[in-house]
Amino acid sequence: RVNPVVKKKQDILREQGVVSKKEKEAKLQRAAQIQQKKNTAAERKTRRRTKFDFDLWDAPEVSTVPASTDEETKVDPSWISDEAKVHTNVWTAKHVPKESKHRKLDTGSLIPAVEVPDAGASYNPALADHQDLLWKAALVEINKEKALKKIERQTTDMFPTKENAPTKESYIKEMSEGIAELGGVVDEDEEDEDEEGMESDEESEAKINKPKTRKQRRDTVKRAHADRKRKSILSRQQMERDIFKLKTYKKELNEIEAKTLARQKVKEAKAEEKRKNPLQLTKYKYEPQEIEIKLSDELTGNLRSLKPEGSLLEDRYKSLQRRNIVETRIKQKEAKGWKKKVEKRNYKMGWETNQLRKTKKGGGKKKKMKMAKVTRPLLSR
């Protein structure tokens, strides 16, 4: 659909040897495409790789050639807006968000992704290793029993049994302690203390603050001046003595620094040990997986007759919790919401509702009749 005039002009220019830039680029691209097809003809015949010019298990080579800069490509990016740059990077899969640059991917755990199982968990373990694993499992059960006993001791055992429960007589006896009128025992020592307190209050009220004389005030001023002078002399002497204790102070400072370094090392060791255990990310504590163990009479000695123990899915899920990738959770109970019960119109016939209305109306008439019978004799009187 080219204009005949334009087509004639292009033919004249082509005869004269004038070729446009677009045609030159198209010619080069066509030649490159043909050459690429020739090179990949053998590979296109089959889906399998036919040329192995690399090591499959070798690490990928890092390119040492520097990336091309704007000066090399002769592109001036000053006129391009930031939005255009972000848009181009997004659609060319080169965009890196700001948050991902400073994102912390480390969970703070030193636990490996796949832990090596205990030697006693083998299908044919050594006797010592199997006994050690049995003892670890026994310790877990002992700790569970201790926890249950503690709960029982703090709940059930705190309250008296039916035989030792307080009675009405014991309650009255306890409440009447110290009341002589009710027959309670009164402590005589408490009465003596109350009397002594009354006497001391009376003596203190009898004392009257007398004003000081001039001589007493002068003596007080002199004593205060002498105390200040004595304290200043003692402080000066102490400073002179401290000069000769520099070696002692230096030694004390070195001891303090050594203690500080020791505390820092202990703190670092504790932090390192803490990273080997799971953190409490929620209000629920991490519960370790039960030890997968076979008893002595369950060991078979070969893999063919060995029965599987544990679950791979649970093992991987617990590993994620130990490494602080997934928080500790429990199965939540869904609250049953209130549902409004409505009867459909086509569920009942019309006569049921009419009968219900009649019974309601009848009950009202009976009540009115009874009230009328009661009120008639009163009116007649």
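A pocket is an open set of points on a 1 Å grid over the protein atoms alone, with protein on both sides within 12 Å along at least five of seven lines; lining residues have an atom within 4 Å of a point. Its volume is the space filled by probe spheres set on the points.

This is a predicted model, in which local features need pLDDT of at least 70, side-chain atom pairs count only at pLDDT 80 or more, and totals for linings use all residues. Residues are numbered from 1 along each chain as its sequence is written, and side-chain values use heavy atoms, without hydrogens and water.

Start with Gln 289, Glu 290, Ile 291, Glu 292 and Asp 315. The largest pocket holds about 1,500 Å³ of space, and of its 37 lining residues these five, Gln 289, Glu 290, Ile 291, Glu 292 and Asp 315, are the closest to its centre.

Next, select 127–155, helix H7 (helices are DSSP runs of H or I, at least four residues). H7 gives the most to the lining of the largest pocket, seven residues.

Move to helix H12, residues 312–322. Lys 318, Ser 319, Gln 321 and Arg 322 are its buried residues (buried: under 20% relative accessible area, exposed: over 50%, with a 1.4 Å probe and protein chains only). They fall within an arc of 160 degrees seen down the axis of H12, so they line one face of the helix. Leu 312 and Leu 313 are exposed on the face turned away.

Finally, select Ser 319. Its relative accessibility is 1%, and its side chain reaches the backbone oxygen of Ala 113 at 3.2 Å.

Note on methods
Helix = DSSP H or I, 4+ residues; strand = E, 2+ residues; numbered from the N terminus. Arc of directions from axis to C-beta. Polar contact = N/O pair within 3.5 Å; in protein donor to acceptor, adjacent residues only side chain to side chain. 1 Å grid on protein atoms, 1.4 Å probe; cavity = no way out; pocket = protein on both sides within 12 Å on 5 of 7 lines; lining within 4 Å.
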